Amino acid sequence: MHSRTLLITGGAGFIGSHVLRLFVNKYPQYRIINLDALTYAGNLENLRDLEQAPNYAFVKADIRDAAAMAKIFAEHLPDGVIHLAAESHVDRSISNPMAFVETNVTGTVNLLNAAREAWKGKFEGKRFYHVSTDEVYGSLHDGGFFLETTPYDPQSPYSASKAASDHFVRAYGNTYGLPFVVSNCSNNYGSHQFPEKLIPLMIHNLREGKPLPVYGKGENVRDWLWVEDHARAIDLIFHQGVNGETYNIGGHNEWKNIDLVHLLCSIMDRKLGRASGTSAKQITFVTDRAGHDLRYAIDAGKIGRELGWKPGITFEAGLERTVDWYLANDPWLQAVTSGAYRDYYAAQYGKQG
Ligand code: NAD
Ligand code: DAU
């Protein structure tokens, strides 16, 4: 008999697969349902090792489908939700913003409605955990860090859709008493990340000898966090976070894109037995992302003070492990970079990349 039922959305994606691995292994007493539509970004290969676990089940469903959400809640009666399913790539949001409204905004409201309906005002022991991003706070230009109290100022269709979904979660808490927590995290990196994102894209192109497309001058700054450290933070917040609260999660690990790409080049020179400086010759500066946010940086003081969380490994160690994983898992990369990925790549980078 399971002590509780958790519904985790987006579990076949990058961060979701790490969250599922942590929860399924750590909480054998829970029944854990992975709800995912398996879009281009969702891959059940990411979860092969969990398939036979007695406390794990997969449900293929689309959060844009309100009736399907109501049915799943009625059937499985989850008492906890960890909501990660989303359209997550900024460049795709620039070329197709509606997809972000539909999944990130409407999809989240569909889940909130399903939870509200299923829980019928009996909120004891229930929790809706919404996983969000630091991009809702906008772009930093002159020092400082994002705090939980920083006003929202989203600048891309992606971050606007995530900000809207955060507002809906808080509005359901305020209006209907739905118990919720929200976390806003900085850029994640690690294994199983789809190679449209900076780090796996660069590793893939380095290996293939293709150009490394750096947007603009490469001056933009991101705060990188090891994905398993994010999963640990989600575990802590889900179990120990206070209802109605927001927690910022970040690595205190800021890198200019161009410096990060040079670091990756030097790691790849070593791993592939190339002479020092060889890989860096692949760097190509391309047209900047429209409305490109200059800098993100999280102040993760609250989660440190209140829940005792801090990042577990250094960037150098995490990056080394990440590169090793991609080099050892070429069939995974080949599978996800065939077909639709090639069309996306041609449309995004054209002759430049
Ligand atoms: P991802 O793109 O790798 O995975 C998203 C998952 O959601 C996929 O498995 C996909 O199939 C699923 N999905 C998409 N649309 C769906 C729909 N309509 N119905 C059901 N499932 C659907 O994303 P990720 O990078 O793992 O991000 C997960 C969450 O964390 C997102 O909410 C994102 O906004 C947030 N986040 C990501 C980062 C990051 O650096 N990647 C940082 C902070 C927050
Ligand atoms: O900050 C959290 C966010 O981080 C998450 O909410 C998003 O889901 C996630 O995609 C990520 O957004 P970014 O836009 O910061 O990540 P991305 O990997 O796309 O880009 C990182 C930086 O690298 C950014 O400044 C743009 C730049 N870049 C990216 C790509 C794909 C390039 O220079 N060249 C590229 O080809």
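Which residue in β10 is the bridge partner of N184? The legends below take up this point and others in a predicted model, in which local features need pLDDT of at least 70 and side-chain atom pairs count only at pLDDT 80 or more, while totals for chains, interfaces and linings use all residues. Residues are numbered from 1 along each chain as its sequence is written, chains are lettered from A and ligands numbered from 1 in the order in which they are written, and side-chain values use heavy atoms, with hydrogens and water left out.

**View 1. A parallel sheet of seven strands.** The strands of this open sheet follow the order β3-β2-β1-β4-β5-β6-β10, with parallel pairing; strands (E, at least two residues) and helices (H or I, at least four) are DSSP runs numbered from the N terminus, and two strands pair if DSSP finds at least two bridges between them. Because β3 (56-60) and β10 (246-249) stand at the edges with a single partner strand each, one side of each has no neighbour in the sheet. Neighbouring strands are turned by 20° against each other on average, direction ignored. Strand β6 (residues 180-185) is joined to β10 by four bridges, and the bridge partner of N184 in β10 is N248.

View 2. Helix α4 (residues 97-119) lies across β1, β4 and β5 (127-133), running at about 170° to β5.

**View 3. A mixed sheet of three strands.** The order in this open sheet is β7-β9-β11, and its pairing is mixed. Since β7 (187-189) and β11 (254-256) are edge strands, each with a single partner strand, one side of each is left without a neighbour in the sheet. From one strand to the next, the twist averages 50°. Strand β9 (residues 221-226) pairs with β11 in the antiparallel sense over three bridges, and R222 has W255 as its bridge partner in β11.

**View 4. Two domains in contact.** The domain assignment, which is automatic or taken from a database, gives domain 1 (4-189 + 224-249) and domain 2 (198-221 + 255-291 + 314-348). Their centres, taken over C-alpha atoms, are separated by 27 Å, and the contact takes twelve residues from domain 1 and 17 residues from domain 2.

Notes
Axes are lines fitted to C-alpha atoms, for helices over the stretch in contact, and angles run from 0 to 180 degrees between N-to-C directions. Contact means heavy atoms within 4.5 Å.
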